Amino acid sequence: MDPIELLTRQHEEAELLFQQVAVAKGEERTQLFHRLAWLLTLHTQLEERYFYPEVKLAETEDLVIHSFDDHAEAKALISQLIHLDVSDMQFEPALVKLRTSVEAHVAEERSMLFPLVRRLLSAGRIERLGEDLVRGMNELTQPGGLPTLSSEIQEGAH
C-alpha cells in the first residue's frame, strides 16, 4: 500500500464527511460528525506516529513541525465539538473553523510535503512506510485504539 495514497484517501473521505455533516440534521448529523471525528483522530494518529517520524528530513522538517501544529489545532476543535450538541449555536462556527483548518492542512500536504516525500524517499522506504501505516491503522482501529475519543464516538464510527 502506498502511504501517500492511503492518507490521500482519508483526506477525501474526510472532505466527503464534512460535506455530509454540513447538510445533515439531528441524529444523522451527530452520527456523521462522530464518524468524521473518529476518522480525523485516526488520520492524525497515523501521521504523527508513523508518517511524520519517517519523513522528517532536513528538507521536510519545517513542514512536519507545522503539520504537528495543524493537528494540535484540529484536536482542540474536535474536543470542543464533541462536547457540543449539533444544534448548539457554537457547533456550526467551530465546525467551519475545523473544516477550514483541515482543508488548509490537506492542501499543504498535497502540494508540498507529499511531493517532497516522493522525491526524497526510496521506493523501498515508501513501501515499508505504507506497510507501517497499514499495521498502525489495524492497531488503532481495534477497540480502545484511539483513547482520545469516548467509547460512544468510537462505536458510532463503525
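In α2, Arg-29, Phe-33, Leu-36, Leu-40, His-43, Glu-47, Phe-51, Tyr-52 and Val-55 are in contact (heavy atoms within 4.5 Å) with Phe-91, Glu-92, Leu-95, Leu-98, Val-102, His-105, Glu-109, Leu-113, Phe-114 and Val-117 of α4. The residues of this contact comprise 13 nonpolar, 2 polar and 4 charged (Ala, Val, Leu, Ile, Met, Phe, Trp, Tyr, Cys and Pro count as nonpolar, Asp, Glu, Lys and Arg as charged, and the others, Gly among them, as polar). The model is predicted, with local features requiring pLDDT of at least 70 and side-chain atom pairs pLDDT 80 or more, while totals for chains, interfaces and linings use all residues. Residues are numbered from 1 along each chain, and side-chain values use heavy atoms, without hydrogens and water.

Helix α2 covers residues 26-55, and its axis lies 13 Å from that of α4 at an angle of about 30° (axes are lines fitted to C-alpha atoms over the stretch in contact, with angles from 0 to 180 degrees between N-to-C directions). The two helices are therefore roughly parallel (under 35 degrees; over 145 is roughly antiparallel).

Helix α4 (residues 91-120) has 30 residues and should span 44 Å at 1.5 Å a residue; its end C-alpha atoms are 41 Å apart, which agrees (the expected span is 1.5 Å times one less than the number of residues). A bend of about 40° occurs in α4 at Glu-109 (the angle between axes fitted to the seven residues ending there and the seven starting there).

Helix α1 (residues 3-23) crosses α2 at roughly 155°, the axes coming within 9 Å. Helices α1 and α2 are therefore roughly antiparallel.

Terms used
Helices (H or I, at least four residues) and strands (E, at least two) are DSSP runs, numbered from the N terminus. Angles under 35 degrees count as roughly parallel, over 145 as roughly antiparallel, 65 to 115 as roughly perpendicular and the rest as oblique.
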